[in-house]
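Hi everyone, thanks for coming along. Please have a look at the sequence and the model on the screen, and then I'll walk you through them.

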Amino acid sequence: MGTRESLTVVDNRTGKSYEIPIADGAIRAMDLRQIKSGAEDFGLLAYDPAFTNTASTRSTITFIDGDKGLLWYRGYPIEQLAEKTSFLEVAYLLLRGELPTARALEEFTWEITHHTWVHENVKKFMDGFHHDAHPMGMLISTVAALSTFYPDAKAAQDAGQRDLQIYRLVAKMPTIAAFAYRHILGQAYAYPDNDLSYVGNFLNMLFKTTELKYKPEPAIERALDVLFILHADHEQNCSANAMRSVGSSGVDPYSAVAAAAAALYGPLHGGANEAVLRMLRSIATPSRIPEFIRQVKGGEAKLMGFGHRVYKNYDPRAKIIKKMADEVFAVTRPSPLGGIARELEKIALEDEYFVSRKLYPNVDFYSGLIYEALGFPVEMFPVLFAIPRTVGWLAQWQEMVGDPEQKIARPRQLYTGYARRDVVPMDRR
Ligand code: CMC
């Protein structure tokens, strides 16, 4: 048995044999190009719609083992980070590669805290949205609009400029999100309060009314902080891929974050938490669960919050959230939909349809229940996902910009359309 790190491929069309190197458990798709059926042949392509088996990058940020249900940021298990750190520590970790010292965290927190304000014209711009505009649509458009306020952000190759835009984006996402929330309620916007924590200030901008100083409820502040940690990054998912792909054109990070947020908005991605709650509301009573499960198995409905492209085991984030839900309900009120969720989960985990397809609860299955208990309307759920995920997008973007192997993203296609043909004049078509 040979021990060479390579693959020998025989092209049965020509009988030729090729040796293709294997590195880190992968072959380079470009190494297939030399395999040709004849001189005119372009060379072999790898066909992979939805990138189910294609690594688009090397990355040192996040590790997932989908079969074992493991999630690590920069090597640290998500369970330890959720228990022992704060969201801004995790943001620093994802962006800089190491957990901060006390001094580094203080400086980082200062930077984030002092970029939370937005230009007054951003407020005016947001006023223009319809009263029932979806807050995720407002967030996506407004973050894109920020690029017009910071033309310096175009200098993506300048590390100092990149850091500045990262501070601004991490700091301003909660402000825009809170303004979007107040807009749908028809309430005056509340300005950032720099005395409060990242999450405390966000709660202040959301919920402050007539009190002189908003005091966040510690249990709720911590719960949201943990949810932010759990949502901060998830390697090459749909929105991270959008961030990298759009960012690879050299566009400013505000425009790229808007693209990533748009990807997150979809119900198969970050919009799933909203879809879960709508699903639970439509089921409404435990007696209707069997009928709903029948519909799912018949292909008429989807069990939202279940299944994952990578996890073929219980999503480790869902485990933490499920436990935390009870702690939150102790200070809010128990969610009437919590019972339905638990019953659905119990049935699904025993049912052959879900077991054989390895469909387990994902991060979105229980998070919506917590958001609901905290008083958020369902439209805000994907927005609550987008705020912490901005850190992940920026870490992915920063890594991409600094990676000498990366170029503008540009997949190939297998053309299946017409061969060349001539335009027929209108009166003969
Ligand atoms: N309910 C019922 N059946 C499902 C579900 C579900 N939630 N998810 C997958 N399946 C079935 C699917 O129909 C297929 O069955 P069959 O082999 O008979 O055709 C099989 O399981 C494999 O599914 P797939 O669609 O090939 O898997 P995928 O990797 O393409 O999709 C997914 C992954 C997350 C899009 C999908 O599981 C899904 O739509 N889940 C519901 C939406 C959701 O909760 N999304 C949040 C994902 S986690 C957070 C995030 O990414 O933002």
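Let me start with a bit of bookkeeping on charges: Lys and Arg count as positive and Asp and Glu as negative, while His and the chain ends are not counted. The place of a charge is taken as NZ of Lys, CZ of Arg, CG of Asp or CD of Glu. With that in hand, the protein has 49 positive and 51 negative charges, and their mean positions lie 4 Å apart.

Two notes on where this comes from. This is a predicted model, in which local features need pLDDT of at least 70 and side-chain atom pairs count only at pLDDT 80 or more, whereas totals for chains, interfaces and linings use all residues. Residues are numbered from 1 along each chain as its sequence is written, and side-chain values use heavy atoms, with hydrogens and water left out.

Now, the overall picture. We have 17 helices and five strands; these are DSSP runs numbered from the N terminus, with helices being H or I of at least four residues and strands being E of at least two. The radius of gyration is 24 Å, close to the 22 Å from the globule rule for 429 residues, so the protein is as compact as a globular protein of that length. That radius is taken over C-alpha atoms, and the rule is 2.2 Å times the number of residues to the power 0.38. Along the principal axes, the C-alpha atoms fill a box of roughly 80 × 70 × 55 Å.

How much of the protein is buried? Of the 429 residues, 48% count as buried, where buried means under 20% relative accessible area, exposed means over 50%, and partly exposed is in between, with a 1.4 Å probe and protein chains only. The protein exposes about 21700 Å², and carbon and sulfur atoms supply 55% of that; the areas come from the Shrake-Rupley method with a 1.4 Å probe, and for residues only the protein chains shown count as cover. As for contacts (heavy atoms within 4.5 Å), take those between residues at least 6 apart in sequence: 69% of them join residues at least 24 apart.

On to the strands. Two strands pair if DSSP finds at least two bridges between them. Strand β1, residues 6-11, and strand β2, residues 16-21, pair in the antiparallel sense over six bridges, with S6 opposite P21. They form a hairpin with four residues between them, and G15 in the turn has a positive phi of about 80°.

The other three strands to look for form an open antiparallel sheet in the order β3-β4-β5. At its edges stand β3 (62-65) and β5 (76-77), each with a single partner strand, so one side of each is left without a neighbour in the sheet.

Follow β3 into β4, residues 70-73, and you'll find antiparallel pairing over four bridges. Here D65 stands opposite L70, I64 opposite L71 and T62 opposite Y73. This is a hairpin too, with four residues between the strands and a positive phi of about 75° at G69 in the turn. Between β4 and β5 there are two bridges, again antiparallel, and Y73 faces Y76 across that pair. That hairpin has two residues between its strands, and R74 in the turn has a positive phi of about 50°.

Which residues of β4 lie on its covered face? Those are L71 and Y73, whereas L70 and W72 make up the uncovered face.

Finally, the helices. The buried residues of α9 are S239, A240, A242, M243, R244 and G247, and they pack against α10 (253-265) and α17. N237 counts as buried, at 13% relative accessibility, and it touches H269 and R389, not counting residues up to four places away in sequence.

Over in α17, residues 381-401, look for G392. At 0% relative accessibility, G392 counts as buried. Leaving aside neighbours within four places in sequence, G392 is in contact with A232 and D233. From G392 to E343 is 49 residues in sequence and 33 Å in space, C-alpha to C-alpha.

That's my tour, and I'm happy to take questions.
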